Amino acid sequence: MEQISNGIYKLTIPTPFLVGPVNTYLIEGDSLTLVDVGPNTVEAWEETKAQLQQVNKKVEDIENIILTHHHPDHIGMIEKFLPFATVYAHRKVKPWITKDKQFLFNALQFYEELYTSHGVPDAFITNMLEKKESYMNFSSIGRVDVEIKEGSRLHFLREWSVIETPGHAQSHISLYRKSDGVLIAGDHLIDHISSNAIIEPTYEGEKKRAEPLLDYRRSLQKCLDMKVAYSGHGAEIDNIDELIKKRINEQDKKAMQFKKMLSDKPKTCFELCMEKYHYIYEKQPDLTFSETLGHLDLLQSRKEIKQNVINGLIYYSQ
Ligand SMILES: [Zn+2]
Ligand SMILES: [Zn+2]
C-alpha cells in the first residue's frame with residue numbers, strides 16, 4: 001500500500017495472469033471508495049486485507065466500489081465486497097459480472113462465427129473458446145448497483161467525473177479529477193505494455209460488433225491534456241501526451257505492416273495473424289487475433305484495404 005496523492009492509496013494485488021499484478025485504488029472522500037478489486041484468488045484476497053490494514057481499514061469499511069471494466073483481474077473478487085458496498089460500473093459490465101447465461105452463450109456463438117469467417121481452423125477455435133471460458137473462472141458473481149457513464153458525477157467523490165474510455169474493453173470507464181489533471185485509468189493507459197483492443201461480442205441492442213481499435217484511438221485522444229494517470233498495471237504515467245502519441249504511432253506503423261503483407265495476394269485475418277505473430281499466435285491466439293483484426297478495421301476505415309467474402313471466408317486485399 002502506497003499513498004500516491006492526497007487521499008489516494010495504491011494497492012498492488014497479485015494475479016495469476018501474464019500481465020502481472022493489478023493496481024487497485026483506495027480513495028478517501030465523503031465515504032471510502034475502492035476502484036477495482038483484483039482477481040478471485042486466495043492470494044489476492046489475503047493481500048487486499050493486509051494492505052488495507054496498513055492504513056487501519058477493513059473490507060467492511062469500503063462503501064463504494066467503482067469498476068473500470070469487466071476483466072477478471074479487475075472485478076474477480078467482487079463477491080467479498082457485496083455485503084458492504086454499492087457497486088458502480090458501466091452497463092456493459094453487467095452481463096459479465098452477473099455471468100448472464102444467455103449473454104455468455106451468445107458470446108461464445110459470436111466468437112465461433114467470427115473466428116470461422118476469418119479463417120481460424122476448428123482446432124484453434126476450440127482452444128480459443130476454452131481459454132475464454134476458463135478466464136471467467138477468476139471472477140466471482142457480482143452485481144452492478146448503479147450504472148455510470150460519460151459525465152456521471154458521484155456524490156461521494158465530488159471532485160471526480162466519469163469518462164467513457166472504450167477500446168481495451170467496451171465497458172471501460174476512467175475517473176478524472178480536473179483540478180489537478182489526475183486520471184485513474186484502469187487498463188486504458190499502461191506504461192510498460194500497450195493495451196490490447198479486444199474484440200468483443202455484441203451487447204443488447206447492437207447489431208454489429210464494435211471496432212475496438214478505432215474506439216481505443218478515440219478514447220486516447222480524450223486524454224491528451226491530462227497530467228498524470230494511475231494505471232491498472234505498473235507505474236504511474238506522468239507523460240500521458242508522449243505515451244499516447246507513441247501508442248498511436250505504433251498502431252499506424254503496425255497497420256502499414258499488415259497492408260504491406262497484402263501486396264502479393266488477398267489473405268484472411270488468420271493468415272495475416274500467423275504471418276505477423278509466428279510463434280506467439282499459438283500461445284496467445286485470441287490476443288493476436290484481436291490485434292490483427294483491429295488493425296484491419298483501421299485500414300478499412302481509411303479505405304486502404306477492402307474485403308471480399310469467398311466461400312464464406314472473409315479475405316482482405318489492397
Ligand atoms: Zn483489462
Ligand atoms: Zn488488467
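Trainee: What makes the residue pairs between domain 2 and domain 3 count as polar contacts?

Mentor: This is a predicted model. Three residue pairs are in polar contact between domain 2 and domain 3, both partners at pLDDT 80 or more.

Trainee: Which helices supply the domain 2 side?

Mentor: Helix H4 (101-117) and helix H5 (122-136) each supply at least two residues of the side that touches domain 3. H5 gives the largest share, five residues. By class, that side has six nonpolar, five polar and two charged residues.

Trainee: What does the pair of Asp 30 and Arg 158 tie together?

Mentor: Asp 30 lies in the loop between strand E3 (22-27) and strand E4 (33-35), and Arg 158 lies in strand E9, so the pair ties together parts 128 residues apart in sequence. Both residues are exposed.

Trainee: Why is Ser 161 called buried?

Mentor: Its relative accessible area is 17%. Buried means under 20%, so Ser 161 is buried. Ser 161 is found in strand E9 (residues 157-164). Leaving aside neighbours within four places in sequence, its contacts are Ser 152, Arg 153, Ser 174, Leu 175 and Tyr 176.

Trainee: Asp 180 forms a salt bridge with Arg 177. Why is Arg 177 called buried, and why is Asp 180 called partly exposed?

Mentor: Arg 177 has a relative accessible area of 7%, under 20%, so it is buried. Asp 180 has 29%, between 20% and 50%, so it is partly exposed. The closest N and O atoms of the pair are 2.7 Å apart.

Trainee: What makes Lys 259 and Glu 304 a salt bridge?

Mentor: Their side chains meet at 3.0 Å, N to O. That is within 4 Å, so the name holds. Lys 259 is in helix H7 (residues 240-261), and Glu 304 is in the loop between helix H10 (285-301) and strand E13 (306-310).

Definitions and conventions
Residues are numbered from 1 along each chain as its sequence is written. Chains are lettered from A and ligands numbered from 1 in the order in which they are written. This is a predicted model: local features need pLDDT of at least 70, side-chain atom pairs count only at pLDDT 80 or more; totals for chains, interfaces and linings use all residues. Side-chain values use heavy atoms; hydrogens and water are left out. A polar contact is a pair of N or O atoms within 3.5 Å; within protein, one must be able to donate a hydrogen and the other to accept it, and residues adjacent in sequence count only if both atoms are side-chain atoms. Helices (H or I, at least four residues) and strands (E, at least two) are DSSP runs, numbered from the N terminus. Ala, Val, Leu, Ile, Met, Phe, Trp, Tyr, Cys and Pro count as nonpolar, Asp, Glu, Lys and Arg as charged, and the others, Gly among them, as polar. Buried means under 20% relative accessible area, exposed over 50%, partly exposed in between (1.4 Å probe, protein chains only). Contact means heavy atoms within 4.5 Å.
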